[in-house]
Amino acid sequence: MTENESRASADRPIAGEMVQHGTGVNSNRAFPTDSYPNNLDPFVLFEQFYIDPDKGFPMHPHRGFEIVSYMIEGGMEHEDSLGVTNTAYENDAMRITTGSGIRHSEFPADGQACTGLQLWVNLPEAEKDADPDYVDATADELPTEERDGATVTTVIGDGSPISLHTPMEYLDVTVADAWTWTVPDEWSGFLYGVAGDGTVAGQAFTAGDVLPVTDGGSVTLRSDESFRVVAVSGRPHGEPIRQRGPYVL
């Protein structure tokens with residue numbers, strides 16, 4: 001670690017753990033897992049899902065948090081109790097505020113398998129009963145720019161049409177050389193490897209790995225090839241995260 005880097009997190013990158021949902025959908029879960037059993041206030045869970053053409057999530061309920069789905073490959077059909085239907089394709093994003101309660105379904109589109117990333121973000125106690133809401137953005141609507149050593153798409157943050165009740169940033173980053181990620185003081189966050197290999201603060205990091213960061217700081221990512229990660233950070237609520245299956249109380 002160079003002198004201008006600081007990091008408070010797990011001691012090393014952690015491999016995600018494969019889980020199978022009751023519907024037969026498989027996911028690589030970054031947290032919470034046996035290796036990292038904690039939630040990461042304000043984040044409840046994060047995973048990369050893989051849905052085969054004959055699988056999916058039938059209509060089911062949620063409440064008490066917000067969901068961000070970001071597609072990596074293929075398409076996913078969304079339908080909900082607000083009357084919204086939408087199909088998200090590669091690099092499209094969807095945000096659901098479950099609030100006081102919503103039902104939705106998720107199935108692969110066009111008879112093809114799909115994969116994407118799903119993040120659950122806790123709602124602060126005072127907003128648990130917020131009206132349910134939905135918004136989406138296509139890849140063209142998400143700002144993308146070249147930064148030193150990387151191509152960065154802002155899924156949530158400055159310039160994105162998607163926002164949450166929790167102040168946060170969600171970046172899709174392809175590192176071609178070296179790129180430094182900075183988390184604001186007192187914020188928490190994580191890096192997740194989507195594709196390729198590289199290093200994070202000098203430690204090997206590959207697809208499916210996660211590195212939690214618990215109190216701000218900066219860390220440098222390096223790669224000799226194309227190395228794709230998501231970098232997510234947010235301001236903690238300082239409140240217990242009480243997950244009960246599809247609900248966060």
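The legends below describe close-up views of one predicted model. Residue numbers start from 1 along each chain as its sequence is written, and side-chain values use heavy atoms, with hydrogens and water left out. In this predicted model, local features need pLDDT of at least 70, side-chain atom pairs count only at pLDDT 80 or more, and totals for chains, interfaces and linings use all residues.

**View 1. Confidence along the chain.** Residues 1-9 have a pLDDT below 50. Beyond near neighbours in sequence, this stretch has 25 contacts in the model (heavy atoms within 4.5 Å).

**View 2. The annotated span, residues 27-121.** An unreviewed UniProt entry places the feature "domain: Pirin N-terminal" here. UniProt positions follow the numbering used here, feature names are shortened, and annotations may be inferred rather than shown by experiment. The span is 0% helix and 61% strand. Helices (H or I, at least four residues) and strands (E, at least two) are DSSP runs, numbered from the N terminus. The end C-alpha atoms of the span lie 18 Å apart.

View 3. Pro-32 lies in the loop between strand E4 (26-31) and strand E5 (43-51). The bond from Phe-31 to Pro-32 is cis, with omega near -10 degrees. Pro-42 is also found in the loop between E4 and E5. A cis bond joins Asp-41 and Pro-42, with omega about 15 degrees.

View 4. Asp-110 is found in the loop between strand E11 (102-108) and strand E12 (114-122). Its phi is near 60 degrees, a positive value in a residue other than glycine. Ala-201 lies in the loop between strand E19 (197-200) and strand E20 (203-206). Phi of Ala-201 is near 50 degrees, again positive in a residue other than glycine. Ala-201 counts as buried, at 13% relative accessibility.

**View 5. Two nonpolar cores.** A nonpolar core is a set of buried Ala, Val, Leu, Ile, Met, Phe, Trp, Tyr and Cys residues joined through side-chain atoms within 4.5 Å. The largest has 28 residues, of which Phe-46, Leu-119, Tyr-170 and Phe-190 touch the most other members. Strands that each supply at least two residues of this core include E4, E5, E12 and strand E16 (168-175). Apart from it lies another core, of 20 residues, among them Trp-181, Ala-201, Leu-221 and Phe-227.

**View 6. Thr-97 in strand E10.** Thr-97 lies in strand E10 (residues 93-97). At 2% relative accessibility, Thr-97 counts as buried. Its side chain makes a polar contact of 2.6 Å with the side chain of Glu-66. Another polar contact, of 3.4 Å, links the side chains of Thr-97 and Arg-95. A polar contact is a pair of N or O atoms within 3.5 Å; within protein, one must be able to donate a hydrogen and the other to accept it, and residues adjacent in sequence count only if both atoms are side-chain atoms.

**View 7. Ala-150 beside Trp-179.** Ala-150 lies in strand E15 and counts as buried, at 5% relative accessibility. Ala-150 and Trp-179 are 29 residues apart along the chain, yet their C-alpha atoms are separated by 6.1 Å.

Definitions and conventions:
pLDDT is the predictor's confidence in each residue, from 0 to 100. Buried means under 20% relative accessible area, exposed over 50%, partly exposed in between (1.4 Å probe, protein chains only).
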